[in-house]
Amino acid sequence: MSTLDVKTAMAPSATERELTLGEAIREALAEEMRRDPRVVLMGEDVAEAGTVFKVLTGLSAEFGTDRVIDTPISEAGFTGLAIGAAMTGLRPVVDIMFGDFIALVMDQMANQAAKVHYMSGGKWKVPLVMRTTLGATRRSAAQHSQSLHAWFSHVPGLKVVLPSTPYDAKGLLKSAIRDENPVVFFEDKMMYKLKGAIPAEEYTIPLGVADIKRSGDDITLVATSSMVQVALGAAKMLQEIGVGAEVIDPRTTWPLDEERLIESVKKTSRAIVIDEGYARYGATAEIASVIAEGAFHYLDQPVKRIGAMHVPIPFSPPLEDVTVPTEQMVFEAARKMCGKS
Amino acid sequence: MTKQKSVIEKTPASAAEPDKYLRMYQQMMSIRIFEEQVNDLYTRALMPGLAHLYIGEEAIAVGICSALRPDDYITSTHRGHGHCLAKGASPDRMFAELLGKEAGYCRGKGGSMHIADPATGNLGANAIVGGSAGIATGAAFSAKRLGNGRVAVCFFGEGALGQGLLYETMNLAQLWKLPVIYVCENNTYNEYTHYSETTAGDVLARPKAFGIQAERVDGQDVRAVYATANAVVERARGGNGPAFLLCDTYRYRGHHVGDVSREYYRSKQEEQKWVSERDPIKLFSDWLIAHKLATAGQLQTMNAEVKSTIDAAVQFALNAPYPDPLEVQQDVYA
Ligand SMILES: Cc1ncc(C[n+]2csc(CCOP(=O)(O)OP(=O)(O)O)c2C)c(N)n1
């Protein structure tokens, strides 16, 4: 992966460094913890172990185990506790090791965190961040490989962030921590080693602003998280056959930057939406409908969606590999839409 | 680690079951060698995913499963190879599953953490910590409702004590007198955290609070595990309700094969102490020899036989084909 691929238009270039996505997340957490003593981290093996993905390495040494807290394997319990703590003066960042385990915290997030502010007539606030993972192809089988961000995106009262580059991850996570309301932050576990430019000076990225990762005139590829790199790869292949693909990353599924997505498709008149969650009732469905409604008269063809195959993720490598969208799949779909043989 | 009396002094030989004991020895050795091979396959990058080894904990799976009938049920965990083997799985199809091959127990769909096999009563290994507490309790509910005399065993690590589901199901099990045995394998660590940092109070007091019969067992002493399991399994079969066994043990290796630098959470001396003083296979073989149930030579012959069975199983799995990618949609009904 070259730096160019992941650099965004918004990144200032004077004093850039290269960080991995994992390092960018750690840096965001460390900066926010230095800045705000109310921020505490909580989760399984987050302290000395620095999580199973080693993303938090070094934070317990700097901030102590009073602020970087190992929990029992009690996802529902510590999430509920974090919600209460968020309501009463702290800003917890909870770590749910694998995105699949959000099933265990669903009541706390969907019925408690998401609703407290509204139900209390705007009196209580829940400034909570939940960090978790998504993404397949790690050969981890059906209970450790899902991309379930659509579940949270469905619920009024939760914001959902899906960074695709180190730059975005850092800026978005800082905004999430400063947000007054619950935010769920999904990291692709296969992208922690992805490198990208990060400015030395502080920055944040607002939630709800899509980013154009590559511009083009012939087709819009809307891609999230792990699928942004796939879309960029496909765009390169399309370039070779004379198709200019625009790759746009919403960065948050909620709030959703409808305007930018619609603008892009008005320009290109064709769109494919790619997301690693299941397409059925998934993020791609919502985004495609936003585009269909907002750019209907500009569309050359129906919006196409590409997501994970509708199967529990299998363990065996030759099976798992066919469940995830690939550059080739996106390329083929785009080529067809653009009438190129 | 609490100081325990040597197994040899503690229990007299039971003349009634020499064959059973030799079979138990063989099973423990099978699990040990199976796991050594998993380690080898994994480090040679021949096995995808993650591998959580059961080495050091063999006496629990074998002691418990030796007290079960073939049609009794078990549920297992991410560290489940030992449970599956002890319940009767064959190593060749186990290895095939671990390598993602079509000949595997789940046609490659499950892998190491999801071995399931109705023929041996294995309801499935589970990669969600505590995730099978409901399934095991439900199997016990069926057994009672259908009157088929079966018992269900729910294996889990002490990490699962953190999961609320366990307490909801234990309450149900005692309320409805279900034939389920909750087997907590306390191997001392939840991943990289000592269980004392995640577990408040007295563990046995938890099931006892529901009125569930609860016992603490030396998980390195296969005869003690077996004797206790026999008693609670028969009690459950007789309609007298569930039991909870807390088995003290130790995982010799990393949380998974890749967990090699462990000094930040546990010392080499601690590991050494368990391996040299509390090894379940060593303790049991010493006892068998001391009580003249086997000679060292006989045990060595058995080891060699086990080794060649396991080696053949590895070869079988390595040579077996992967499933056709088209199989990915087989068994998807919705
Ligand atoms: C609900 C859930 N939370 C977290 C994990 C990640 N995880 C896998 S194994 C493990 C530790 C389990 O410890 P224990 O139950 O004692 O079993 P052991 O690994 O020691 O055999 C954790 C936290 C998981 N698989 N499921």
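This is a predicted model: local features need pLDDT of at least 70, side-chain atom pairs count only at pLDDT 80 or more; totals for chains, interfaces and linings use all residues.
A residue counts as near a molecule when one of its heavy atoms lies within 4 Å of it. The shell holds 22 residues, with Glu75(A), His78(B), Arg79(B), Ala127(B) and Gly159(B) coming nearest. The shell splits into 9 nonpolar, 8 polar and 5 charged residues (Ala, Val, Leu, Ile, Met, Phe, Trp, Tyr, Cys and Pro count as nonpolar, Asp, Glu, Lys and Arg as charged, and the others, Gly among them, as polar).

As for numbering, residues run from 1 along each chain as its sequence is written, and chains are lettered from A. Local features need pLDDT of at least 70, and side-chain atom pairs count only at pLDDT 80 or more, with side-chain values using heavy atoms.

With Ala127(B), a polar backbone atom is 2.7 Å from a ligand nitrogen. The protein covers 96% of the 570 Å² of accessible area that the ligand has on its own (Shrake-Rupley method, 1.4 Å probe).

Glu75(A) belongs to helix α4(A), where Phe78(A), Thr79(A), Ala82(A), Ile83(A), Ala85(A) and Ala86(A) are buried along with Glu75(A) (under 20% relative accessible area, 1.4 Å probe, protein chains only). Seen down the helix axis, these buried residues of α4(A) fall within an arc of 165° (taken from the directions from the axis to the C-beta atoms), so they line one face of the helix.

Terms used
A polar contact is a pair of N or O atoms within 3.5 Å; within protein, one must be able to donate a hydrogen and the other to accept it, and residues adjacent in sequence count only if both atoms are side-chain atoms. Buried means under 20% relative accessible area, exposed over 50%, partly exposed in between (1.4 Å probe, protein chains only). Helices (H or I, at least four residues) and strands (E, at least two) are DSSP runs, numbered from the N terminus.
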